[in-house]
Amino acid sequence: MTNPAGRPPVAPSAAELLAGARAAVVPVMREAVDALPEPMRRMAGYHLGWWNTEGGPETGAAGKMLRPALVLAAAAACGDATHAAAPGAAVELIHNFTLLHDDVIDGDRLRRGRETVWSRWGVPAAITLGDAMHACAVAQLVSRLPAQLAIGAAVRVEATVIDISVGQHQDCDFERRTGVDVAEYAAMAVAKTGSLFGTSCALGALAARADPTTVAAMDTFGRELGIACQLADDLLGIWGDPAITGKPVGNDLARRKQSMPVVAAMSSKTAAGQELSALYRRGRPLTAADVERATRLIEATGARTEVLRIADDRVSAALAALPDRAAAGDLLVLVDAIVHRDR
Ligand SMILES: CC(C)=CCC/C(C)=C/CC/C(C)=C/COP(=O)(O)OP(=O)(O)O
């Protein structure tokens with residue numbers, strides 16, 4: 001296809017797709033957040049990176065908007081993005097509700113380069129704000145989508161919240177266990193992260209009134225991509241640049257978290273893998289020197305390369321699930337940005 005000037009159309013960059021998603025969904029999210037009473041409204045805007053702690057404007061502390069961008073791109077791939085803003089806002093609100101709770105569970109004091117809500121205003125504030133964001137997501141979805149789409153979309157979102165909760169439960173359980181294997185970790189990542197990516201793509205297809213086979217294929221595409229995203233997140237947790245990720249590097253190791261690089265290293269049955277297992281078995285948080293040692297041990301087992309290979313396999317599975325690759329241009333741009341990100 002050519003434009004009127006006779007040149008082939010230029011595909012949007014990932015940055016343009018993410019900015020477009022932000023522009024489409026923030027007004028919807030804003031309506032939900034503005035309906036919350038103070039001080040919850042101000043805390044929500046702070047967590048979402050719109051405002052500083054005093055309610056003044058903030059720049060550079062917001063999420064990337066990966067999930068809304070997937071909703072819009074999936075809807076476009078299915079031929080109609082008219083109704084994609086409400087599901088896009090819903091998945092971003094759900095994502096942020098889980099982050100609020102996750103920071104409490106992990107005791108993390110920093111997210112997106114700023115103090116977390118629980119650290120600033122206390123655990124009850126973060127938990128109740130997360131619960132309110134969850135409800136805002138479903139309320140926006142149901143009130144804004146055409147009636148014949150709303151119930152199916154809401155049921156899908158709530159099933160996803162169950163999946164995420166199950167995944168998070170398993171992840172916490174792994175911290176108290178030894179001998180977690182790669183397959184178990186992958187199943188946990190499907191539930192914790194893949195499910196919301198899958199639902200984002202499925203909601204885009206649903207909003208475009210795609211047929212059930214296409215909706216299911218979009219779900220599979222997103223789910224597989226979500227696992228690759230979780231693996232990228234795990235790698236950034238060990239080798240990311242804190243100035244770019246906005247969170248301290250090595251926190252996962254310090255807490256003896258069983259992220260995929262750790263699981264792959266311990267499963268390697270190498271001397272380095274055994275030394276890492278011994279460090280984790282000591283039953284107390286790792287010191288800074290231990291974290292440095294653990295990072296070297298993981299690298300020495302080849303686990304970093306192994307995790308990149310597993311992520312590549314998941315991306316291949318995602319691409320294989322796409323119903324019509326020729327129509328999926330925006331989705332393909334996002335795949336690359338999600339897997340090769342630095343934050
Ligand atoms: C029930 C419960 C507490 C569940 C927790 C689930 C959870 C926190 C999963 C992590 C998912 C993930 C890869 C987050 C980073 O997303 P991102 O890189 O898109 O983050 P951004 O919005 O900051 O860009």
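**Getting to know the chain**

Visitor: Among contacts in the chain between residues at least 6 apart in sequence, what share join residues at least 24 apart?
Guide: This is a predicted model, where local features need pLDDT of at least 70 and side-chain atom pairs 80 or more, while totals for chains, interfaces and linings use all residues. Residues are numbered from 1 along each chain as its sequence is written, and side-chain values use heavy atoms, leaving out hydrogens and water. A contact here means heavy atoms within 4.5 Å. Taking contacts between residues at least 6 apart, the share joining residues at least 24 apart is 70%.

Visitor: Why does the radius of gyration agree with a compact globule?
Guide: The radius is taken over C-alpha atoms, and the globule rule is 2.2 Å times the number of residues to the power 0.38. For 343 residues that gives a value near 20 Å, and it agrees because the chain has 20 Å.

Visitor: How many helices and strands are there in the chain?
Guide: Both are DSSP runs numbered from the N terminus: helices are H or I with at least four residues, strands E with at least two. The count comes to 16 helices and two strands.

Visitor: Is Asp-103 buried or exposed?
Guide: Asp-103 sits in helix 4, residues 85-106. Buried means under 20% relative accessible area, exposed over 50%, and partly exposed in between, using a 1.4 Å probe and protein chains only. Asp-103 has a relative accessible area of 3%, so Asp-103 is buried.

Visitor: Which residues does Asp-103 touch, not counting those up to four places away in sequence?
Guide: Of the chain's 343 residues, 53% count as buried. With residues up to four places away set aside, Asp-103 touches Asp-108, Arg-111, Thr-116 and Trp-118.
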